[in-house]
Amino acid sequence: MGIYQKICYKTEDLFVKLLTKKQDNVLVKEKVQTYRSNKEAAKEQKRIKRKQAAEERQQQLEAKKAKEKQEVVNLLKSLVNDSYTTYEFNEVKNNKVFFQSLIRSVFEPDEKGLTFLFCEFDKSSKKEIKGYLIATNKRVWFINKSLDFQQKFRYQTIRDIKWFNDGMLEKGLYMQYGVKRLEFDEIFDKEQMIRVGNTILNQI
């Protein structure tokens, strides 16, 4: 029992003593003790229920997180080759609907992703499109998030891949596609850029 509770009880005892002068002192003390015991028991019961409710909420939250993680991992099986990177996991987690639509509506039945990268495709000096550069076992795709712009590149026509610095923080990729040099920039994850570049190089 805390100091504050002891002071409260002593104050209550004084009032009870004043109000029950003509009553049996022992009986009054028993009633007071019974009341206090019941009150403490009820308080403890509420504390236990709150604790149990908090534990249940935590368990539900953890179960939800585990389910969401498994959904992402299941999607990644169709999007990357072997183990996935933190970058790939977070991109799929944050853009789940896009990747579900990609697998369902864009990929051919026997097509499997190898890796991917969010970037900007400099299609011309006046047209830049943000989307995903995706290497699969059959080709390279560039697709925006709404799926209304799709461009595919055959490995047989890709001559080379090079990466470059694009300012202080950004990186970029050059793809030599036949006689054309295609540029993909606004890339902020260097390791993922190299992973994508090397994956494409290994396929050509």
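Is F153 buried or exposed in this predicted model? F153 is buried, with a relative accessible area of 1%.

**View 1. The aromatic pair of F153 and F184.** The centres of the F153 and F184 rings lie 6.3 Å apart and their planes meet at 85 degrees, so the pair is edge-to-face. F153 belongs to strand β4 (residues 150-153) and F184 to strand β7 (residues 180-187), so the pair ties together parts that are 31 residues apart in sequence. Like F153, which has a relative accessible area of 1%, F184 is buried, its own value being 0%.

**View 2. A cluster of aromatic rings.** F153 and F184 also belong to a cluster that ring pairs form with F121, F142, F149 and Y177. Across the model, the count comes to 16 aromatic pairs.

**View 3. The stacked pair of Y84 and F89.** One of the 16 aromatic pairs joins Y84 and F89, whose ring centres are 5.8 Å apart; their planes stand at 25 degrees, so the pair is stacked. Y84 has 35% relative accessibility and therefore counts as partly exposed. F89, at 14% relative accessibility, counts as buried, because buried means under 20%.

**View 4. The charged end of K145 over the ring of F118.** In this view, the charged end of K145 sits over the F118 ring, at 5.0 Å from the ring centre.

**View 5. The charged end of R181 over the ring of Y174.** Here the ring of Y174 has the charged end of R181 over it, 3.8 Å from the ring centre.

Technical notes:
Residues are numbered from 1 along each chain as its sequence is written. This is a predicted model: local features need pLDDT of at least 70, side-chain atom pairs count only at pLDDT 80 or more; totals for chains, interfaces and linings use all residues. Side-chain values use heavy atoms; hydrogens and water are left out. Rings of Phe, Tyr and Trp (its six-membered ring) pair if their centres lie within 6.5 Å; planes under 30 degrees apart count as stacked, over 60 as edge-to-face and the rest as tilted. Buried means under 20% relative accessible area, exposed over 50%, partly exposed in between (1.4 Å probe, protein chains only). Helices (H or I, at least four residues) and strands (E, at least two) are DSSP runs, numbered from the N terminus. A charge sits over a ring if NZ of Lys or CZ of Arg is within 6 Å of the ring centre and within 35 degrees of the ring normal.
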